[in-house]
Amino acid sequence: MNKIAVIGSGTMGNGIAHTFAQFGFSVTLIDIRTEALTKALQTISKNLDRQIAKSILTETDKAAILSRISTLDNLSNGVSDADFIIEAATESEDLKLRIFKEISEAAKSHAILATNTSSISITKIASVTKIPGKVIGMHFMNPVPVMKLVEVIAGFNTSDETVEKVMELAGKIDKVPVKVNDYPGFIANRILIPMINEAIYSLFEGVAGVQEIDTVMKLGMAHPMGPLQLADFIGLDVCLAILQVLFEGFKNPKYAPCPLLVNMVNAGHLGIKSGSGFYNYSNGTKDLKVAGNFI
């Protein structure tokens with residue numbers, strides 16, 4: 001698998017493209033918005049500069065990596081000659097089903113179709129394709145060039161051969177693949193997102209403030225980032241979407257999204273991406289100030 005197609009040029013998509021290109025793969029980054037592709041290449045360039053500053057890469061490495069990334073704004077054309085296709089679009093079931101139906105028609109017969117979904121059923125995504133045995137979940141962590149873990153999720157019909165190839169591919173880009181089964185939230189988000197939701201409930205119920213909750217988890221539990229800051233980093237809209245998948249999948253009230261989270265998303269306070277969440281990011285991410293009174 002030498003030719004990689006990445007669908008979606010947002011935070012996860014550009015990180016995945018960066019990583020594959022860094023390890024010698026030819027990458028086509030696909031997005032229907034040309035301005036998003038321009039922004040993605042700028043982001044990749046900046047992230048490569050950070051690696052250069054840390055002596056991980058050289059300027060020569062950067063030039064070679066960027067030369068291996070091409071962009072396209074047409075989905076069918078972008079995937080037509082790829083050996084491995086990974087979708088990293090918005091966490092929307094309807095959108096992912098539409099994308100997989102289209103790429104199933106356009107992809108080579110031997111191509112593996114992967115999704116970076118963090119919670120949506122691989123089996124359901126595979127059901128709209130002609131090749132369910134070649135559909136698999138490959139859930140990267142953010143930031144992709146840094147984080148080692150990749151959850152590899154086998155759908156009900158995913159073949160053993162597909163799983164083996166994706167596990168091997170993850171190793172070639174210096175990741176540690178962990179195989180899990182296809183149930184809502186898989187492992188990472190089935191555990192993480194309810195914890196974040198509980199932290200939001202603790203704030204909502206007045207148990208403690210934003211900084212107090214995050215400080216307890218950082219200093220008491222050795223978490224590098226508190227759950228409310230992490231929610232801002234992930235995106236409050238993404239946290240809500242994953243909770244909705246968990247709630248719908250398990251029909252268990254313990255996964256019900258906190259009303260505060262719902263209100264914040266509806267009001268457009270999505271975290272870093274909107275400039276405000278539990279913290280205010282008007283001065284960037286280094287100077288954290290609590291965004292307001294949430295009670």
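Q: How do I read a salt bridge here, say the one where the side chains of Glu-87 and Lys-96 meet?

A: Start with the general idea: side chains of opposite charge can pair when their charged atoms come close. Now the case in this structure, which is a predicted model: Glu-87 and Lys-96 pair through their side chains, with 2.4 Å from N to O.

Q: Are Glu-87 and Lys-96 buried or exposed?

A: Buried means under 20% relative accessible area. Glu-87 has 0%, so Glu-87 is buried. Lys-96 also comes out at 0%, so Lys-96 is buried too.

Q: How many salt bridges does a search of the whole structure find?

A: The search turns up 12. One to click on is Asp-237 with Lys-273, where the closest N and O atoms are 3.0 Å apart. This pair ties together distant parts of the chain, 36 residues apart: Asp-237 sits in helix 11 (residues 236-250), while Lys-273 lies in the loop between helix 12 (259-266) and strand 9 (279-280).

Q: And how accessible is Asp-237?

A: Asp-237 has a relative accessible area of 26%, so call Asp-237 partly exposed.

Q: Let's move on to helix packing. At what angle do the axes of helix 2 and helix 3 cross?

A: For a pair of helices, look at the angle between the axes, then at the residues in contact. Helix 2 (residues 34-53) and helix 3 (residues 59-67) have axes that come within 10 Å and cross at roughly 155°. Angles over 145 degrees count as roughly antiparallel, so that is the label for helix 2 and helix 3. Their crossing is right-handed.

Q: Which residues make that contact?

A: Helix 2 brings Ile-44, Ser-45, Leu-48, Asp-49 and Ile-52, and helix 3 brings Glu-59, Lys-62, Ile-65 and Leu-66. By type, that's 5 nonpolar, 1 polar and 3 charged.

Q: What about helix 1 and helix 2: how do their axes cross?

A: The axes of helix 1 (residues 11-22) and helix 2 come within 10 Å, crossing at roughly 55°. Helix 1 is therefore oblique to helix 2. This crossing is right-handed.

Q: Which residues of helix 1 and helix 2 meet?

A: From helix 1, Asn-14, Ala-17, His-18 and Gln-22 meet Ala-40, Thr-43, Ile-44, Asn-47, Leu-48 and Gln-51 of helix 2. The contact of helix 1 with helix 2 has 4 nonpolar, 6 polar and no charged residues.

Notes
Residues are numbered from 1 along each chain as its sequence is written. This is a predicted model: local features need pLDDT of at least 70, side-chain atom pairs count only at pLDDT 80 or more; totals for chains, interfaces and linings use all residues. Side-chain values use heavy atoms; hydrogens and water are left out. A salt bridge is a side-chain nitrogen of Lys or Arg within 4 Å of a carboxyl oxygen of Asp or Glu. Buried means under 20% relative accessible area, exposed over 50%, partly exposed in between (1.4 Å probe, protein chains only). Helices (H or I, at least four residues) and strands (E, at least two) are DSSP runs, numbered from the N terminus. Axes are lines fitted to C-alpha atoms, for helices over the stretch in contact, and angles run from 0 to 180 degrees between N-to-C directions. Angles under 35 degrees count as roughly parallel, over 145 as roughly antiparallel, 65 to 115 as roughly perpendicular and the rest as oblique. A crossing is left-handed if the near helix is turned anticlockwise from the far one by less than a right angle, and right-handed if clockwise. Contact means heavy atoms within 4.5 Å. Ala, Val, Leu, Ile, Met, Phe, Trp, Tyr, Cys and Pro count as nonpolar, Asp, Glu, Lys and Arg as charged, and the others, Gly among them, as polar.
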